[in-house]
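Here's a quick briefing to read with the model open beside you.

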Amino acid sequence: MRSKKLLKLVGAIVLAVVIAIPFAVGCAAPEEAPAPAPAEPTKTLNYGVVVALTGPGAEWGIGHLRAIHLWADDVNAAGGIRVGNERYRVEVIGGDTKSDPKVAIEIASKLIHEDGVGFITVNPPCNEAIQPLLTENKVFSMVNRLPPLLKPEWPYAFSITPDGTDVSRATYIWLQEEHPELTRVGNIVTDDIFGHGSYDLAVPVYEELGFENVVVQWMPVDVLDVYPFVTAILAKGVDVIDASGAYAEQGGLVVKVARELGFWGPILLTGVLPGLMAEIAGWEKAEGSVTAGGWQHTENWEDATEKELEVYNKYIRKYGSADKINSISYNDGWIFQQAIEKAQSLDPDKILEALHTYEFQTLHGTYRFTGKGRYGIDNQLPPPVWISVFTGGTLKTVGVVVTPPEYFE
Amino acid sequence: MEFWIQLVINSLVLGLTYVLVASGLSLVLGINRIINFAHGEFYMLGGFGVYWISIVFGANYFIALLITIIILGALGWVVQRGFYQRVQASLLRTVIVSIGLMLSIPALAQLAFGEKTRVVGTVIPGSVHLFGAPVTVERLAIILISILVMLGLWYVVQRTKFGLMMRVVAENREVAMLQGINVKNANSLSMFIGCGLAAAAGGVFAPLAWVSPFLGAGILFKAFIVVILGGIGTITGAAAAGLLLGFAEVMGVTFLGGWIDVIPFVIVLLVLLFRPTGLLGRVKEF
């Protein structure tokens, strides 16, 4: 009888020890416990990317699409976007506009009505065409450049890049400081909405800063040979060639041809992917060409932020090389994600309020949307403009021009 | 003087590129009686051929160009035998097949080569001064190669048995058959030469621009203008019209600014107004 009691006592002690050990270990070393896996998202949030994936502008569009995919990968790996008790997995749906605004409208309509998309990244020359449709359906868009888009009638259109006027203005301010003797500008522009938009934004800058707009040459989108255009411009005795309104491929050829014809002055290419441009022109001939943008080009790794480098490394891992890398659009999704999480709702009105209320993290720092004084609506993020010059076979940041706050407020 | 030399060189480069592409289109149109909408895609493939053989596999550019011309000429032969020959009795069917090829070849090229823009880059470095005007050796080489190819085409068509065979077929298919000429072979040969010419143009021009699966449509449009302008089925007419268009476009860009897209239509309208069969054409109906 006593032995039975003893056996029960020993059994109880063993059981208590077995149960207690994991708790004891857990309390003793909490930092070594595996992190709980993020809860699986239960719902899906579709994100649309309406950009050129083929034809002119494709290099740019593909870069944007890939950046959005990288953002979606990060969000989903972290358990999705949290709204109350729900978690939303992000699905990215890309559509190829072929740089045709009519095609973009069809794509946007399908994204909204069939896929239930509430957030879109869109590129020129299709930005403007789809805005009425997006506004009617309260769909948010992150647009690149072309300021007429930002206006009170289109409250859901936001921009994280400075508009073309700011980029152009910053570039010419830098040029004036570095080369005050260069005043005669010749433009080579693609004859489409993108090119015309870029050119229209640059013209007031010439007048404001005292540059002489000597000549403009309009190249067809499918131009075969840029030699005649460059020859015609150089015949006018220009000091500077501005090819910011040309696509990367054409911009690269403009540089190549201008150098072959003996022009070694600055060639401005603020609207193109510098890597592709240099590949087409040849790095040697690209020497002295100037690029500028709302974010420093990711070729400048020495100046990159920690977050930018992180995205770059993820890009390399996923796509094998830095080909077409364009980190700007990572911010598009990231900012909308932050707005949703701050609003704790997918209600467009609440998200809109959040976008106008809070500061947002980007790859390049924390910013608040502004622009009411200029556009009548606070939908523009005001980053500085980075100026880069091809020097010694690489792209070097040579200046940062900050647009004065009074321009926006 | 330097400026005018540049204009002439620019006109010759552009014009001769049009000549190469349009001659092939005109040849196929005249002999096979096929409106080959896929012709521009052979131009695009010519660029890819040169890129892959010279850049990826490291072959000499000129060898790459020659291999590209032969391979794509052979592909033209296959297209004729495999597709057009089966539907050649019906103009409508050939048009449908032709449009199908025009749409599917770029899509296949995109799958095979990717959507990325490819760069052949400068293959003949250096430049010379002609009457003080800097001209790259590469552009002079393009002019020379194009002229040699066209002379070769003239020789084949005018001075060889194959050429005679093709000319008889172009003149009258029934008479050709009665003479014992193998019309199918003549058609295949003209497709070989026609597609080879488009490939030659694409390969010759690739170092000056870039290569992508979407280059075919633009050049096809210009080639059609040249064929209509020169006269259907006449290579001499295509040569004259191609050079005329090249000169007109370059002069237009230089002196009229942004009229480059309008110039071809104005020329076509003016020529057709006074010569409905084109500059050197004789075919009134097709």
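**A sheet and a pocket**

Chain A holds an open sheet of six strands, in the order β2-β3-β1-β4-β5-β6 (chain A), and the pairing is mixed. Keep in mind that this is a predicted model. The other topic here is the second largest pocket, with about 780 Å³ of space in it.

**The sheet in chain A**

- Look at the edges first: β2 (81–83) and β6 (157–159) of chain A stand there with a single partner strand each, so one side of each has no neighbour in the sheet.
- On average, neighbouring strands of this sheet are turned by 30° against each other, if you ignore direction.
- Strands β1 (residues 43–51) and β3 (residues 86–96) of chain A run parallel as a pair, joined over nine bridges.
- To spot one of these partners, find Val49(A), whose bridge partner in β3(A) is Gly94(A).
- Helix α13 (residues 348–357) of chain A packs on the sheet, where it touches β4 (119–122), β5 (140–143) and β6 of chain A.
- The direction of helix α13 of chain A makes about 40° with that of β5(A).

**The second largest pocket**

- Its lining is made up of 30 residues, and Gln158(B), Gly233(B), Thr234(B), Ile235(B) and Thr236(B) are the ones nearest the centre.
- Two or more lining residues come from each of α1 (2–32), α5 (137–159), α6 (161–171) and α10 (235–256) of chain B.
- Which element gives the most to this lining? That's α5(B), with seven residues.
- Sorted by class, the lining has 20 nonpolar, six polar and four charged residues.

Conventions. Residues are numbered from 1 along each chain as its sequence is written. Chains are lettered from A and ligands numbered from 1 in the order in which they are written. This is a predicted model: local features need pLDDT of at least 70, side-chain atom pairs count only at pLDDT 80 or more; totals for chains, interfaces and linings use all residues. Side-chain values use heavy atoms; hydrogens and water are left out. On a 1 Å grid over the protein atoms alone, a cavity is a set of points where a 1.4 Å probe fits but cannot get out, and a pocket is an open set with protein on both sides within 12 Å along at least five of seven lines; lining residues have an atom within 4 Å of a point. Grid points are joined across faces, edges and corners, and a volume is the space filled by probe spheres set on the points. Helices (H or I, at least four residues) and strands (E, at least two) are DSSP runs, numbered from the N terminus. Ala, Val, Leu, Ile, Met, Phe, Trp, Tyr, Cys and Pro count as nonpolar, Asp, Glu, Lys and Arg as charged, and the others, Gly among them, as polar. Two strands pair if DSSP finds at least two bridges between them. Axes are lines fitted to C-alpha atoms, for helices over the stretch in contact, and angles run from 0 to 180 degrees between N-to-C directions. Contact means heavy atoms within 4.5 Å.
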